Amino acid sequence: MQARTIRDDTGTGAGADVEGDGPDDRAAESGNNRTWRSRHVVLPRLALGLVLLVLAALPLFLAPYPIGLAGRILAFALLVVSVDLLTGVTGMPTLGQVAYFGTGAYTAGLVGIHLSENGFVQLAAGIGAAAVLALVTGAVAVRTSGIVFLMVTLAIGELVHRVADSMSLVGASNGLAGIPAITVVPGGEPLLLAGYVYWWVLGVFVVGMLVAYLVVRSPLGRSMRGVRDGEKRLHAIGQQTYPVKLAAYTVAGGLAGAAGTAWVAQTRFFSPGDLGFDVAAFALLSVVLGGAGTLWGPAIGAAVVVLVRDWLSTYVDGKGALMLGIVFVIAVYTLPRGVAGARWKRRPATRRPATRRPATGRDTT
Amino acid sequence: MNDLLVLEDLTLRYGALTAVDHVSLRVRRGGRHALIGPNGAGKSSLFSVVAGTQRATEGRVLFDGQDVSGLTEVGRARVGLVRTFQHSSLFLGMSVLDNARLAVEGSEGSPKRPWPSPRRDRRITETALTHLESVGLTDRKLALCGALSHGERRQLEVGLVLACNPQLVLFDEPTAGMSAAETERFSEVVESLPKEITTVVVEHDLDVVFRLADRISVLSAGRLIADGTPEEVRADEAVREAYLGKPRSSEPLFGTVA
């Protein structure tokens, strides 16, 4: 998407960033409009279209198991994008998004069992429950920042994990089983085949990504990035940051909830293990791997993490975590700014020496 | 009302230490005010109380006739009492234009819509662009702020302040760590500010102070010891003693101490 073009304009090595500027802002700026458009507007759109086409065509080529894996990647990627909204965009590293992921999943599962098999109803219920929980817990959590915030969110994740582990309504430690297949139209055929379910998950993923991009490009998103880059300065120019952080937290929570409903629509089973600490850690790892601050980077990071853990590891005798560790070490050395920060070709010397800055760093005053 | 900023008996204590001791001060509308004093005189403390970073232990801050003592930094910025930071403090990971937009949105208190709206965003963008133009950064508007040179960052800093639509700007030791050329440039920027914007500069560099200020207040050990025009302050005996040091003749370097 156009988001990455800011780097090309400035030629800095600073963290790739999702920018609020639309292509219109930029097109007007350029001296050579046509070249600029083809490089910064047309090409990314072509790439985006191609990726969507390939994703949509996957069920036509792949067997049910790999399709299931692809669907899980998409659902996990949406969770990772919600982590990135907080970690990379707002500068608040979090381990708590699994709590809202699980809330969305359990809510969708319960609605599916007791109320409605309609996927849209489950999606709405899952998002709503997750967003409300995020609003309530976030009201406390976002008063902190940095490492304290990380610990508070870790506590929120663990708390929800413990509750899920002991609450008989959601099957306690056995997990919530017997969730019926979703339907798309009321009273319609349930989506039993993996390919159709995958398309549903893909739809949720695409809409979720779209929402995330809209939020980042909105005034709220601009303030979120302002919080990341200098919260004190934001105060000094007359912006309250608490509402910004709480809104970001709630949106991210709702997005994680949507990811949860997509996940459970596919697995039709959800257990406390699916929202454990390792999932939270993998989600944060995916953000770092993909490049914090961009949204598409962490989505790719999520794909790498799930593929290495669930697919590559089958070839090395189930040593998925070890493989992930190796991949992470390699990534830190070769792609310090994640996939999104990679520079694919050598550029001529930049106008100025690049300002090095950690991807989620803020300037201290 | 000819006084934009009035400090009444302002006091700030950290436990037993009185950093600011009953300071009363008036800043004329449109004035170029400077606050000087030796190290530890309480300049920074007074600055933070006026900016709203810290609450005064006693006393009031009146701005434009209103008591703003109870307002936070955000609230004071909204009514036009804007501060700058000692070290350049910009949003480095964002474009120059987005930096300016943040300031415009802040000063207007515009709602933080979670979705883009081309029509309403355009108005914000246009306002932000006029401010960028006034500091000469129009052609750098899409650059990442972190890629700007030191001088350009200073320009943007001023642009951000202007975008806040201030009545009064508080500068916190603006020339700290600047080279002579940068200091010169900064002085020019302050001199070029519109006359209706009042400035208060807390500063170490006396050359800058005597160049920019039409009125100087001197703090020493938390107390206001002098307040007047540069000439009056320059001639003030107490100031000489507290700030510039005692005349050499009264403190012999050699010989026996009485």
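Predicted model: local features only at pLDDT ≥ 70, side-chain atom pairs only at ≥ 80, totals over all residues.
## Two crossing helices in chain A

Helix H5(A) covers residues 97-114, and helix H10(A) covers residues 242-267. Their axes come within 7 Å and cross at roughly 50°. H5(A) and H10(A) are therefore oblique to each other. Their crossing is right-handed.

Which residues of H5(A) meet H10(A)? A:Gln97, A:Tyr100, A:Phe101, A:Gly102, A:Thr103, A:Gly104, A:Ala105, A:Ala108 and A:Gly109 do. On the H10(A) side, the partners include A:Ala252, A:Gly253, A:Ala256, A:Gly257, A:Gly260, A:Trp263 and A:Val264. The residues of this contact between H5(A) and H10(A) divide into eleven nonpolar and nine polar, with no charged ones.

## An open sheet in chain B

Now turn to chain B. Here four strands form an open sheet. Their order is S2-S1-S4-S5, and the pairing is antiparallel. Strand S2(B), residues 17-28, and strand S5(B), residues 66-67, stand at the edges. Each has a single partner strand, so one side of each is left without a neighbour in the sheet.

Strand S4(B) spans residues 58-63, and two bridges join S4(B) to S5(B). These two strands run antiparallel. B:Leu62 has B:Asp67, in S5(B), as its bridge partner.

## A covered helix on the sheet

Helix H1(B), residues 43-51, lies across strands S1(B), S2(B) and S4(B). H1(B) runs at about 60° to S2(B).

The buried residues are B:Lys43, B:Ser45, B:Leu46, B:Phe47, B:Ser48, B:Val49, B:Val50 and B:Ala51. After H1(B) comes B:Gly52. The phi of B:Gly52 is positive, near 95°.

## An exposed arginine

B:Arg122 is found in helix H4(B), which covers residues 118-134. Is B:Arg122 buried or exposed? B:Arg122 has 12 C-beta neighbours inside 10 Å, so B:Arg122 counts as exposed.

B:Phe210 is 88 residues from B:Arg122 along the chain. The C-alpha atoms of these two residues are separated by 42 Å.

Conventions. Residues numbered from 1 in each chain as written. Chains lettered and ligands numbered in written order. Pairing = 2+ DSSP bridges. Contact = placed C-beta atoms within 7 Å. Axes fitted to C-alpha atoms, helices over the stretch in contact; angles between N-to-C directions. Buried ≥ 20, exposed ≤ 12 C-beta atoms within 10 Å, placed from the backbone. Parallel < 35°, antiparallel > 145°, perpendicular 65-115°, else oblique. Left-handed = near helix turned anticlockwise from the far one by under 90°. Nonpolar A, V, L, I, M, F, W, Y, C, P; charged D, E, K, R; others polar.
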